[in-house]
Amino acid sequence: MLKYLKYILVPDKINNYFIFSQKRLGFDITKKQINTCQIKVFSKRNVVIEKCEQEFIEATNGTDAQTRIATALKNVILKQNKFDISVLALPSSLVIFKEITLPFLEPEQIRSVLDFEIEAALPFTIDEAVSDFIITKQDKKSKQSTILVAIARKTDIQEFIGPFKTAEINPTILTVDIFAIYGIYKEVPAYAKLENGVILIDLEFYYTTISYIQNGQLKLIRSVAQGISNITKNLANILNIDPSKALEYILRFGFENSDDQKYNDSIKQAFSEFSGKVQFTIESFKTQIENFTPIEKMVIVGSGLQIKKLCSIFNEKFNFNCEFFNYNLILQNPNFKNKEKNFGFNNLKSFAIAYPSPVNEDFNLLRKDFATTDSSLLNKQIITALSLVFLILFSLLIYSQSQISKFQRAVNNSKKEVISKLKDSFDITDPSTLKSLSSVISAANNKVNEEESIWFAFSDQTRFSFLKYLQELSTRIDRQAVGLDLKKLIITKELITIDGEVKDFKALETLENELNESKLFSHVSVPQETTFTIKITIKSSEVEQ
């Protein structure tokens with residue numbers, strides 16, 4: 001139960017510190033395969049690359065693409081370990097990008113005005129749009145933020161996440177592929193320290209995303225509807241071969257010089273249309289930025305990493321250095337640890353998607369309209385809440401029992417102490433009496449009463465009272481007239497007992513009358529025989545005196 005407390009009591013992280021570790025699974029979907037990379041993030045954004053897997057998307061006749069992708073997703077999930085968060089990346093070709101500067105620093109303030117800021121630039125209504133942003137620059141002195149907004153159609157997002165729903169995978173985060181790549185780009189010191197302009201090219205099968213980074217800040221993004229498929233078609237037309245054969249040539253030989261000069265010339269010719277699109281995009285970037293920084297490097301990512309010597313042809317076309325994104329540089333980051341032996345360029349993008357970089361960790365296109373309830377998380381929250389209630393009640397019960405036991409011990413100790421005091425004070429030695437406090441108190445009371453009676457008998461007040469009663473009796477009773485033979489006389493505080501004998505019943509009546517005439521006595525018992533025992537009750541007022 002304790003491991004679930006975090007879901008309702010503790011935040012996932014504070015600033016850049018992850019309170020609890022997260023297992024994140026990134027999905028990179030290409031034309032032919034799905035690449036996944038699972039990472040564990042903990043502490044100060046430390047990362048362990050745990051497992052990377054891939055699954056080919058079968059080209060089954062009569063089956064639509066969505067179903068084929070869903071089937072591949074189900075298969076690749078079986079290869080992965082259990083994860084906490086699933087991260088998807090929407091292709092940049094489905095996204096509109098816009099840079100905006102706003103007089104706010106807090107993300108929530110920016111989100112409150114975002115729709116208003118982007119509505120005029122959209123080719124569709126704001127109701128059809130889903131948007132979020134990354135902060136690329138902040139000036140805390142002037143309290144301004146420069147953001148790069150990503151806007152997509154709801155219908156495109158629904159179609160993209162459809163196979164995941166079919167495969168019963170609940171998407172947690174939907175980022176944009178170029179934002180994910182930029183996030184990992186910033187984690188490589190060799191790239192992050194570049195001060196001049198950098199062109200970042202994500203070359204995929206059907207589209208290419210070209211980005212311009214200036215002084216480490218992502219400034220412009222443009223997607224063109226050309227990619228490896230266009231180069232393949234051009235090469236197939238030039239060589240008059242099947243497109244599948246042309247693709248095989250490209251992936252096998254790339255731009256390496258071969259013995260077949262016709263192929264060498266043809267691949268360059270097939271590439272010229274694509275390179276022209278890149279050239280046009282770079283020139284348009286120059287016109288959009290007032291202080292455009294000269295480009296010193298081009299970095300290739302995506303499926304283009306599979307094409308050998310691709311950078312050599314770019315170096316011929318452009319007057320700046322081109323290189324493949326060096327994934328080994330990622331592993332040189334001291335915060336990153338790799339457990340996946342087969343980690344390579346195929347896993348670069350899925351790793352970037354899974355990684356929660358400071359740049360895009362708060363970005364999520366599923367934040368509003370596509371936010372779903374995680375039933376497993378809800379179940380964990382319910383279980384945790386019920387467990388907490390039980391724990392509180394159980395704790396109260398234990399505490400109550402503890403207090404009662406503590407009180408009982410105090411009572412027993414007090415009883416023992418009282419018994420010990422009474423035993424010593426009143427010399428009580430009977431073992432059966434000493435077993436309970438009530439019997440000891442009763443025995444002590446008896447001792448007190450005995451001693452009180454003894455004391456009463458010898459006190460000055462008692463002696464005075466006895467004499468007073470004796471005088472009253474001697475005054476009232478005419479012993480000779482009634483022939484009183486006194487056997488015993490007992491005087492206590494409240495009662496006088498006379499044992500004796502008179503000569504006849506007439507004398508007995510006279511004795512009774514004499515005693516009743518006394519004002520000191522409240523009641524005199526009536527004797528029935530000449531040999532009698534008379535009990536005389538002393539008035540209470542006399543006793544008090």
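**Rings and core**

Mentor: F255, F271, F274, F314, F318 and F320 are linked into a cluster by ring pairs; Phe, Tyr and Trp rings (six-membered ring for Trp) pair when their centres are within 6.5 Å, stacked under 30 degrees between planes, edge-to-face over 60, tilted otherwise. The model is predicted, so local features need pLDDT of at least 70 and side-chain atom pairs 80 or more, while totals for chains, interfaces and linings use all residues. Numbering runs from 1 along each chain as its sequence is written, and side-chain values use heavy atoms, without hydrogens or water.

Trainee: How many aromatic pairs are there?

Mentor: The count comes to 25. One of them joins F179 and F363 edge-to-face, at 5.2 Å centre to centre and 90° between the planes. F179 belongs to helix α5 and F363 to the loop between α12 and α13, 184 residues apart; helices are DSSP runs (H or I) of at least four residues, strands (E) of at least two, numbered from the N terminus.

Trainee: Is F179 buried or exposed?

Mentor: F179 is buried, at 0% relative accessible area, and F363 is buried at 1%. Buried means under 20%, exposed over 50%, partly exposed in between, with a 1.4 Å probe and protein chains only.

Trainee: Now the core. Which residues have the most contacts inside the largest nonpolar core?

Mentor: They are I39, I157, V176, F179, F325 and F351, in a core of 69 residues. Such a core joins buried Ala, Val, Leu, Ile, Met, Phe, Trp, Tyr and Cys through side-chain atoms within 4.5 Å. Helix α5 gives the largest share, 7 residues.
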